[in-house]
Amino acid sequence: MFAPAVAFVDLETTGTSARDDRITEVGIVRVDNDTQVSEWATLVNPGCSIPAGVQALTGITNAMVAEAPTFEQIARDVAARVGGCVFVAHNARFDYGFLKHEFGRLGRSFTAKVLCTVKLSRRLYPDSGPHHLDAVIERHALAASDRHRALGDARILWQFVQTLYRDRSADDVDSAVARVLKTPSLPPQLPPDVLDSIPESPGVYRFYGLNALPLYVGKSVDLRARIAAHFSADYRSANDLRLSAEITRIEFEETAGELGALLRESRLVKTLLPAYNQRLRKRAEMVVLAVGEEPAVPDYVRSEAIDPRALEGLYGPFASRRQAREALRDLASQAGLCWTALGLERRVGPCFARQLRRCAGACVGAETPTAHHARLLEALAPYALRPWPHPGTIGIRETSLTGERIDLHLFRDWCWLGTAREEGELYALLETPPRCSFDLDIYRLLVKRLPRLAVIALPSSPLH
Ligand SMILES: [Zn+2]
């Protein structure tokens with residue numbers, strides 16, 4: 001066979017998330033030197049309840065695992081049985097990811113050379129239809145008993161590999177194995193060479209499922225490495241695991257540098273609202289505090305209500321209304337401000353902070369509203385939104401590391417007008433700039449970087 005020691009592994013689990021779900025059964029068929037076969041299986045007490053649907057599928061019930069050892073108690077056995085072996089499983093990322101997580105919970109690392117039999121099947125029988133285990137069993141007339149139990153399924157994989165060596169020449173099988181072992185562990189429904197077409201340059205990428213709208217939008221300074229990282233065998237997030245199950249194609253756009261990628265990502269996430277971009281989607285909830293000259297409770301204002309030419313009296317940005325309130329509470333305790341005057345609570349008489357002796361007393365008449373307001377403005381000063389520091393439109397040039405690509409990002413009044421790569425695009429953007437709508441996310445990106453960037457002043461009026 002393709003290695004002196006091979007472990008055919010199958011797990012049963014409480015669900016599909018390596019992070020949140022647990023192993024309920026381990027089955028291992030270990031084959032040394034092609035001939036010595038040893039089988040091992042054990043139920044595992046997952047320490048949590050098995051959902052009814054999963055119990056029905058696997059036949060493993062809560063009662064069956066109640067007396068079984070925990071993973072901690074079998075970890076040493078598992079490690080010994082797969083140690084030094086090529087780890088073979090059907091959709092191996094799943095089983096390997098679960099084991100990695102279980103070992104990780106014990107503070108132990110687990111690594112193995114992994115061979116996925118879905119990929120092996122696809123490579124050897126590319127035109128034979130699906131490659132899930134039932135299809136493989138049917139195609140090769142494998143004897144399947146104890147289907148959906150760990151040892152039963154592990155035995156099927158061992159049978160499958162033996163069948164390959166009968167059906168095909170040993171060279172064919174060995175070279176297919178070598179190819180699969182070399183390929184990064186991409187989801188099986190993606191073309192195995194999909195990463196080859198993706199550049200190692202900055203840009204944004206989109207993952208699509210079966211629908212026209214993307215599942216996920218991301219950015220990186222190295223597209224290929226970042227995309228591969230989503231599919232690394234040891235899933236870091238349940239999000240990546242679900243993405244891997246749904247993804248059917250990848251699209252990407254190159255940019256000259258990181259700023260271009262960030263701008264593009266921000267815009268794509270806002271306009272396309274991909275299902276798996278929860279963190280970035282939240283940026284749409286960014287707010288600023290509006291505090292006027294006269295004493296009044298601060299107001300919360302979102303991007304779309306902001307006039308970029310009138311930023312006076314605005315403070316932030318904050319990730320959400322809740323974060324803005326938290327910032328106000330922090331300021332209140334540092335500066336002795338009043339919770340009632342800040343609108344953090346509504347009550348008559350001493351505010352919550354006053355009861356803790358942290359409020360200077362605006363709520364009980366110990367401080368005038370005007371004096372309190374002056375102190376609020378002073379405390380907020382570091383958060384003041386900055387006015388646009390240029391007379392008009394500016395360009396920020398980003399050049400790729402190879403020097404081959406130059407992007408000129410155009411901004412005016414903190415708004416991103418667009419990115420030009422050639423003169424024609426630049427003139428078009430200058431002559432008919434798109435409607436400039438203020439976006440706190442773009443403001444945040446730019447305000448941090450602007451002091452470090454070389455800025456080119458551009459004529460704002462039409463060119464002639
Ligand atoms: Zn107070």
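Contact here means heavy atoms within 4.5 Å. This is a predicted model, in which local features need pLDDT of at least 70 and side-chain atom pairs count only at pLDDT 80 or more, while totals for chains, interfaces and linings use all residues. Residues are numbered from 1 along each chain as its sequence is written, and side-chain values use heavy atoms, with hydrogens and water left out.

Helices (H or I, at least four residues) and strands (E, at least two) are DSSP runs, numbered from the N terminus. Helix α4, residues 92-105, reaches 20 Å from its first C-alpha to its last, and this is close to the 20 Å expected at 1.5 Å a residue (1.5 Å times one less than the number of residues). Of its 14 residues, 11 are buried, that is, under 20% relative accessible area with a 1.4 Å probe and protein chains only; among them are Tyr96, Phe98, Leu99 and Phe103. The cover over the buried residues of α4 includes strands β1, β2, β4 and β5 together with helices α3 and α10. Just after α4, glycine 107 takes a positive phi of about 75 degrees.

A nonpolar core is a set of buried Ala, Val, Leu, Ile, Met, Phe, Trp, Tyr and Cys residues joined through side-chain atoms within 4.5 Å. The largest such core has 28 residues, and Phe2, Phe8, Val29 and Val88 are among those with the most contacts inside it. To this core α7 gives the most, with eight residues. Valine 88 touches Phe2, Val6, Ala7, Phe8, Val9, Leu115, Thr117 and Leu157, when residues up to four places away in sequence are not counted. Apart from this core lies another, of 26 residues, among them Ile23, Ala75, Phe87 and Phe98.

How values were computed
Buried means under 20% relative accessible area, exposed over 50%, partly exposed in between (1.4 Å probe, protein chains only).
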